[in-house]
Amino acid sequence: MRLKILVVLIALLGLNGFAIAQETLYFNEDKTFKIVQLTDLHFMFDSPKSEVVLPMINEVLDIEKPDLVVFTGDAVTKAPVFKGWELLTAPMIERGIPWVAVLGNHDDESDKTRSEIMEKLVQIEKNCIAYKTNEAYGTGNYVLEIKGSSKNTKALLYCMDSNAYSTIEGTGTYGWFTREQISWYTQKSNNFTQKNNGEAIPALAFFHIPLPEYTQAWSNGGMQPVGVKNEDVCSPSVNSGMFLAMLEQGDVMGTFVGHDHVNDYISSLYGIALAYGRFSGSGDTYGDLKNGARVIVLKEDKWEFDTWLRIRGGEKINETVFIRSTPE
């Protein structure tokens, strides 16, 4: 793997005592950067049904040799949670592959809070390049920069906490991005654009719960969906406006989520790709899709990416090239 990492290890502490360790990622010499997305593993370290998870991760990493692994929520759902995370992240640590995580609605439902989980991942786990800030509501809102050979930032990865459950009675089941989080994203985006001579920088966004716009993208989007939709999109009932903010900012090419175990499609809406990862888990939760991962390949200086699914057993399916278009 030709990934270069510039370690900036800033000696700072967050307000809650979390160490902030920032690392800068680089495009490879062939001007690509490969990401593997793992989602909804629902890993239980002592369950026979979870035994298919680790071999799948090892297989995908050996085939794809990614530059970064992103967990998009509901990774470990049984105590002891820290033990589960140690087992899940061992394949990346053994191979020296950087990884990050955002949390889902089930991650904090056993023996650790969301804050405790992020503190563990940021402070203790090797190769974790997530970092903790107190700039916005939620646990784990941060931006990763990918630089090119010129040392200038060429791509951004927004990793965000889509929260868990509704906080207002009568507004459905699942949570949404708060106005504070949307302002955080907008401010970060503006700052990067300003530093780039007023030009937006191509970006992807990773979080757990799909936006309400995922339903429209499937039924009336800008591209023919690639993949399956075997259940209703379990998005928040309240649309707080994150998708609109991304349209206005003009930097996010695609969003990547999990949450719905039997949906794995990618479609688009107004020029933004809306994609699910592939269910990466086991029989300890619902769903009948064979577990796997989504692979995303960014291209330096291009508003496009390649993506496909790598399924347990090695099969590669649903290859897609997405090119960001201007909304009509």
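Me: In which loop is P80 found?
Reply: Helices (DSSP runs of H or I, at least four residues) and strands (DSSP runs of E, at least two residues) are numbered from the N terminus. P80 is found in the loop between strand 4 (68-72) and helix 2.

Me: What kind of model is this?
Reply: Residues are numbered from 1 along each chain as its sequence is written, and side-chain values use heavy atoms, with hydrogens and water left out. Local features need pLDDT of at least 70, side-chain atom pairs count only at pLDDT 80 or more, and totals for chains, interfaces and linings use all residues, because this model is predicted.

Me: What is the omega of the peptide bond from A79 to P80?
Reply: Most residues other than glycine have a negative phi, and most peptide bonds are trans. The bond from A79 to P80 is cis, and its omega is near -5 degrees.

Me: Which residues touch the most other members of the largest nonpolar core?
Reply: A nonpolar core is a set of buried Ala, Val, Leu, Ile, Met, Phe, Trp, Tyr and Cys residues joined through side-chain atoms within 4.5 Å. In soluble globular proteins, nonpolar side chains tend to be buried together. The largest core has 88 residues, and the members that touch the most others are F71, Y158 and L298.

Me: Is K34 buried or exposed?
Reply: K34 lies in strand 3 (residues 32-38). Buried means under 20% relative accessible area and exposed means over 50%, with partly exposed in between, using a 1.4 Å probe and protein chains only. K34 has a relative accessibility of 18%, so K34 counts as buried.

Me: What is the length of the polar contact between the side chains of K34 and E64?
Reply: Contact means heavy atoms within 4.5 Å, and K34 is in contact with several residues beyond its neighbours within four places in sequence, among them E64, D67, V297 and W308. A polar contact is a pair of N or O atoms within 3.5 Å; within protein, one must be able to donate a hydrogen and the other to accept it, and residues adjacent in sequence count only if both atoms are side-chain atoms. The side chains of K34 and E64 are joined by such a contact of 2.9 Å.

Me: How are helix 1 and helix 2 oriented to each other?
Reply: Axes are lines fitted to C-alpha atoms, for helices over the stretch in contact, and angles run from 0 to 180 degrees between N-to-C directions. The axes of helix 1 (residues 53-64) and helix 2 (residues 81-95) come within 9 Å and cross at roughly 25 degrees, with residues including L54, I57 and L61 of helix 1 and L87, L88 and M92 of helix 2 making the contact. Angles under 35 degrees count as roughly parallel, over 145 as roughly antiparallel, 65 to 115 as roughly perpendicular and the rest as oblique. Helix 1 and helix 2 are therefore roughly parallel to each other.

Me: What is the handedness of the crossing of helix 2 and helix 3?
Reply: Helix 2 and helix 3 pack at an angle of about 35 degrees, with their axes 11 Å apart, and V81, F82, W85 and E86 in helix 2 meet E116, I117, K120 and L121 in helix 3. A crossing is left-handed if the near helix is turned anticlockwise from the far one by less than a right angle, and right-handed if clockwise. The crossing of helix 2 and helix 3 is right-handed.

Me: Which residue has its side chain joined to that of H42 by a polar contact of 3.3 Å?
Reply: H42 lies in the loop between strand 3 and helix 1, and H42 is buried, with a relative accessible area of 7%. Although H42 is not a glycine, its phi is positive, at about 45 degrees. The partner in the polar contact of 3.3 Å is H261.

Me: Which residue supplies the backbone oxygen that the side chain of R310 reaches at 2.8 Å?
Reply: R310 has its place in strand 13 (residues 304-311) and is buried, with a relative accessible area of 11%. Not counting residues up to four places away in sequence, R310 touches residues including V60, I63, E64 and V295. The backbone oxygen at 2.8 Å from its side chain belongs to G314.

Me: What separates the C-alpha atoms of N127 and I97?
Reply: N127 is found in the loop between helix 3 and strand 6, and is partly exposed, with a relative accessible area of 26%. N127 and I97 are 30 residues apart along the chain, and their C-alpha atoms are separated by 6.5 Å.
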